[in-house]
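Subject: Structure for you to look at

Hello,

Here is the structure I said I would pass on. Please open it first and then read the notes below.

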Amino acid sequence: MVETIPFTLCFLWSRSYLGAFSLDGVSKRFICPLPERVKIVEVGPRDGLQNEKTIVPAEVKIRLIDMLSEAGLPVIEATSFVSPKWVPQMADQEEVMRGIQRKPGVNYPVLTPNLKGYRAAVTAGAKEVAIFGAASELFSKKNINCSVEESLQRFEEVMKAAKQEGIPVRGYISCVLGCPYEGKVSPVKVAEVAKRLYSMGCYEISLGDTIGVGTPGGMAEMLEAVKKEVPIHALAVHCHDTYGQALANILVALQNGVSVVDSSVAGLGGCPYAQGASGNVATEDVIYMLNGLGIHTGVDLPKLMDAGSYICRSLNRRTSSKVAQATCKL
Amino acid sequence: MPWLLQEKKGPDIHKFPDFVKIVEVGPRDGLQNEKEMVPTEVKIQLIDMLSQTGLSVIEATSFVSSKWVAQMADHTEVLRGINKLPHVRYPVLTPNLQGFQAAVEAGASEVAVFGSASETFSKRNINCSIEESMRRFEQVITAAKQAGIPVRGYVSCTLGCPYEGDIQPAQVKKVVKRLLELGCYEVSLGDTTGAGTAGSMAAMLRAVTTEVPVHALAVHCHDTYGQALANILTALQMGVSVVDSSVAGLGGCPYAKGAGGNVSTEDVVYMLHGLGIETGVDLSKVIEAGEFICQALNRPTSSKVAQATNNCRGEQGTS
């Protein structure tokens with residue numbers, strides 16, 4: 001009853017949805033105002049690979065980052081200056097920083113959990129850094145062995161040094177929609193931590209749904225609280241797709257004025273709290289949605305998918321991106 | 001140019017229906033698109049488990065010729081074998097009068113007909129034009145009216161066709177109106193290839209609801225491109241309150257081998273409950289039904305909620 005259609009026909013048609021062709025015929029109206037442009041912060045090489053079991057050689061990481069640069073991503077989180085004792089995947093941090101081809105106009109932030117990491121990052125050529133807080137006390141203690149307040153004091157040192165050297169700092173807050181240890185997290189607490197990071201000098205705060213339990217209602221409520229303390233243009237969302245809710249959560253964030261979205265090529269990076277479950281939302285799937293909404297990202301989806309195929313082959317794993325799965329299986 | 005509403009007044013994005021009816025299509029649409037042939041007793045057990053979850057509509061089987069859909073060859077046995085609960089409806093697909101009569105004989109008390117917004121898809125899928133299919137459905141609906149049997153309509157390819165590409169919302173509206181005028185009580189709008197996005201869903205619904213009341217509409221989203229929940233969210237914000245889904249995300253996409261198809265009921269219910277929307281459905285029981293059928297099919301679940309829940313079970317008590 002149902003035919004399989006010729007490869008060429010389906011490929012050409014699906015590529016029109018990938019933004020390769022003009023979208024003149026597609027209606028651009030939506031039910032409420034949405035940002036005209038969304039900045040994608042690509043976290044695959046750091047957050048993604050950090051949560052992959054297979055250790056990836058430096059040259060593969062470098063090639064991945066270079067391919068992502070070619071795909072038009074404006075921000076690519078390159079690596080993390082944490083101790084290799086804790087995160088062996090990021091042990092080649094310096095080699096990666098020195099090896100990548102930095103495309104003009106593209107930022108390559110790196111994680112710096114403390115002053116020591118910051119110094120090493122700057123020595124290796126970092127021009128932007130990121131610090132990682134939490135909205136949950138228990139998560140902070142279990143993850144980085146100190147309270148939220150103590151972590152913010154640690155970050156003050158990094159902020160001070162970064163200000164002196166003119167290096168922008170991005171702040172992350174984890175557990176904004178739920179904590180694997182505490183359960184529900186109060187939006188007021190998220191707003192407090194966001195306010196602290198912003199007033200310390202972070203130019204942008206990325207709000208992370210660390211275990212992916214959030215739903216659109218929770219996302220809207222949390223943003224409502226945070227917006228009171230931090231201007232909306234300085235907020236980003238970092239949604240995990242562990243419960244399949246990421247794109248719906250991102251859509252609601254856009255409806256509430258957010259215009260910066262973190263995502264990971266091929267959905268790299270599982271969930272450390274639910275073994276085998278998925279983690280980061282796939283950049284391909286986010287771009288596909290944004291293209292369909294007529295929102296400009298500057299990202300070339302076919303080139304992005306090439307980068308995704310490359311890293312999945314290197315990791316010998318299947319992509320977690322549904323767009324990539326659908327497009328490759330014609 | 002900013003993406004603004006053309007009209008001053010638009011739907012309130014913060015307002016959602018208080019209640020959403022889930023139409024569970026796993027046993028029919030789901031299994032129909034699974035390669036593994038499932039024994040009758042397994043289908044019956046699946047439906048019986050789903051009946052215990054609080055779902056109020058479970059699409060049980062399809063009275064098509066077994067020559068075309070071998071998986072549904074046991075339609076009569078399934079319909080007679082299930083334990084029909086009084087508060088649950090068990091619609092069955094009836095593509096023509098012959099199928100309808102067989103369905104009624106087997107005890108069906110609700111049926112469904114399946115049209116398309118795309119001419120090419122209609123011809124390739126059911127071997128006739130849209131107009132011819134409407135004439136066939138008219139016969140079914142007339143007979144159903146006489147027998148006091150409600151009829152649900154489906155329209156496929158509402159957000160794109162694997163053969164024609166883009167489908168005009170005006171064309172979707174035309175087919176929907178026809179089905180409602182013929183006598184369908186509800187029309188389910190299918191994103192057959194899953195290629196739709198929140199943008200195209202909004203545009204299509206905006207067009208359709210200019211002439212069709214939103215309470216008569218349902219959405220049937222496929223998750224082939226991962227867009228289903230965002231599309232469903234958009235539909236809810238536009239007033240739709242009936243959502244089709246498939247336990248464990250049963251039913252791959254026939255147009256992209258190995259890719260996902262139906263959106264999974266577990267993931268939909270999780271989102272709805274998180275939004276404070278009532279469904280009457282017990283999510284943990286749906287997860288159990290999903291585990292049962294996945295074991296029987298020897299395949300992993302396509303539901304992320306089920307995966308996360310199963311994987312978290314092993315992690316309880318560890319930091």
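Two strands count as paired if DSSP finds at least two bridges between them. Keep in mind that this is a predicted model.

The sheet in chain B

Strand β1 (residues 21-24) and strand β9 (residues 242-245) of chain B run parallel and are joined by four bridges. One of the residues involved is B:K21, whose bridge partner in β9(B) is B:V242. In general, strands of a sheet pair through backbone hydrogen bonds, either parallel or antiparallel.

Both strands belong to an open sheet of nine strands in chain B, with parallel pairing. Reading across, the order is β2-β1-β9-β8-β7-β6-β5-β4-β3. At the edges are β2 (57-58) and β3 (61-62) of chain B, each of which pairs on one side only. Helix α8 (residues 198-208) of chain B packs on this sheet, where it touches β7 (186-191) and β8 (217-221). The direction of α8 makes about 155° with that of β8(B).

The second largest pocket

The second largest pocket has a volume of about 1,200 Å³. Its lining consists of 45 residues, and A:Q50, A:V82, A:V87, A:N143 and A:I144 lie nearest its centre. By type, the lining divides into 20 nonpolar, 19 polar and six charged residues.

Which elements supply at least two residues each of that lining? In chain A they include the helices α2 (44-50), α5 (115-123), α6 (137-144) and α7 (148-164), along with the strands β5 (129-134) and β6 (169-174). The largest share, five residues, comes from α6(A).

Regards

Technical notes:
Residues numbered from 1 in each chain as written. Chains lettered and ligands numbered in written order. Predicted model: local features only at pLDDT ≥ 70, side-chain atom pairs only at ≥ 80, totals over all residues. Heavy atoms only, no water. Contact = heavy atoms within 4.5 Å. Axes fitted to C-alpha atoms, helices over the stretch in contact; angles between N-to-C directions. 1 Å grid on protein atoms, 1.4 Å probe; cavity = no way out; pocket = protein on both sides within 12 Å on 5 of 7 lines; lining within 4 Å. Points joined across faces, edges and corners; volume = space filled by probe spheres on them. Nonpolar A, V, L, I, M, F, W, Y, C, P; charged D, E, K, R; others polar.
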